[in-house]
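Q: I would like to learn how to read a few features of a protein model, going from single elements to the whole fold. Could we take them one at a time?

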Amino acid sequence: MRVAALTLARIRTNDTGLYKKDLSRLLENSRPDLAVLPAFSSLVLGVDSGAVKNYDQFDQTVKFHMADSTDWNRYFLNLHSEIASSLGIFLTAGTIFENKSGSYYHTACCFDPDGRLVASQQQTHLTFAEKKIGLSRGEDLHLFNLGELKAGLVIGNDARHPEIGRIFGLLGADILLCSGALRAGPHCWQETAGMWAQVQQNQFWAVEANLNGQIANYQFGAAPAVLGPCEITPGQSGYLERGYPDSPLITARLDQSSRLQIKANYPLLEQLNPEAYDRLLNRKV
């Protein structure tokens, strides 16, 4: 499987038609089977195209948008459903802010090659700032079929909580698709403390897309990455491919047989005390 992680760098977001054209062309040229967009993708497109009001402060922009996001979310998801089906690929469309019965969630969505929504995942671990905005946390983690692979979605701050990767690993995940966004500058390199560590601890693949763009007073910029167990990556680095914050896209090909061989040679998850994880997996204790 060929996978791609995008940042939205050099994609025109001031017009939805130009956005669709640029994104489709980029994906046509790189020919992935799966593409992952970064967090806040719907907010960037909405703000830059004028569909979502932009306030002076990022928190204000999010707070007022999520209270009135239904129509824009419907348009945004339909747009990416069309892109996925026209290209015949799996497409994780980054994240939306959704209102469910008066509670607000930060949610990632994935479409299959027929344009069907096959998975959505709510962020489960919130920062203090996200709680202050009024977001609620998701309660469950879900796997879905990504061709022959079992996949899970990871959103933003969830990448920094190792229990996310461990639960997905114990559920049998082959790959995690991470939509992230980190502030630009020196702190953008903190991403290594997130998905890279979770991949090494659980022996799955991960495709990590990070946002390059500005919303209100926040400038985002962190590197995209395709991650795998150190033993089967160049220089034992844990990176199949890695870009820079201004890289529009990176791609890599996954060799599933090599990953399965590593798991067989060193069955890391079998060294655990399984009873310690029963509660996390909702098993009876």
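Q: Which residues in helix 2 are buried?

A: Since this is a predicted model, everything here is computed from its atoms. A residue counts as buried when its relative accessible area is under 20%. In helix 2 the buried residues are Ser-41, Ser-42, Leu-43, Val-44, Leu-45, Gly-46 and Val-47. Because seven of the nine residues of helix 2 (residues 41-49) are buried, the helix is largely enclosed by the rest of the structure.

Q: Where does Ala-39 lie, and which residues does Ala-39 touch?

A: A loop residue can be read in the same way as a helical one. Ala-39 is found in the loop between strand 2 (34-36) and helix 2, and with a relative accessibility of 1% it counts as buried. Leaving aside residues up to four places away in sequence, Ala-39 touches Thr-95, His-106, Ser-179, Gly-180, Ala-181 and Leu-211. Ala-39 and Tyr-244, by comparison, are 205 residues apart in sequence and 17 Å apart in space, C-alpha to C-alpha.

Q: How many bridges join strand 3 to strand 4, and how many join strand 4 to strand 5?

A: In a regular strand the side chains alternate between the two faces of the sheet. Here strand 3 and strand 4 run antiparallel and are joined by eight bridges, with Tyr-104 in strand 4 as the bridge partner of Asn-99. These two strands form a hairpin with two residues between them, and Ser-101 in the turn has a positive phi of about 55 degrees. Strand 4 is also joined to strand 5 (residues 117-122) by five bridges, again in the antiparallel sense, and Cys-110 stands opposite Ala-119 in strand 5. Five residues separate the strands in the hairpin of strand 4 and strand 5, where Gly-115 takes a positive phi near 85 degrees. Strand 4 (residues 103-111) has seven of its nine residues buried, so it is largely enclosed by the rest of the structure.

Q: In what sense do strand 1 and strand 14 pair?

A: Strand 1 (residues 2-6) pairs with strand 14 in the antiparallel sense over five bridges, and Arg-2 stands opposite Arg-253 in strand 14. Four of the five residues of strand 14 (residues 249-253) are buried, so this strand is largely enclosed by the rest of the structure.

Q: At what angle do helix 6 and helix 7 pack?

A: A helix pair is read from its geometry and then from its residues. Helix 6 (residues 162-171) and helix 7 (residues 195-202) pack at an angle of about 35 degrees, with their axes 9 Å apart, and helix 6 passes helix 7 in a right-handed crossing. Pro-162, Ile-164, Gly-165 and Arg-166 in helix 6 meet Gln-198, Gln-201 and Asn-202 in helix 7. The residues of this contact divide into two nonpolar, four polar and one charged.

Q: How many helices and strands does the protein have?

A: The secondary structure comes to eight helices and 14 strands. The radius of gyration is 18 Å, close to the 19 Å that the globule rule gives for 285 residues, so the protein is as compact as a globular protein of that length. Buried residues make up 55% of the 285 residues.

Technical notes:
Residues are numbered from 1 along each chain as its sequence is written. This is a predicted model: local features need pLDDT of at least 70, side-chain atom pairs count only at pLDDT 80 or more; totals for chains, interfaces and linings use all residues. Side-chain values use heavy atoms; hydrogens and water are left out. Buried means under 20% relative accessible area, exposed over 50%, partly exposed in between (1.4 Å probe, protein chains only). Two strands pair if DSSP finds at least two bridges between them. Contact means heavy atoms within 4.5 Å. Axes are lines fitted to C-alpha atoms, for helices over the stretch in contact, and angles run from 0 to 180 degrees between N-to-C directions. A crossing is left-handed if the near helix is turned anticlockwise from the far one by less than a right angle, and right-handed if clockwise. Ala, Val, Leu, Ile, Met, Phe, Trp, Tyr, Cys and Pro count as nonpolar, Asp, Glu, Lys and Arg as charged, and the others, Gly among them, as polar. The radius of gyration is taken over C-alpha atoms; the globule rule is 2.2 Å times the number of residues to the power 0.38.
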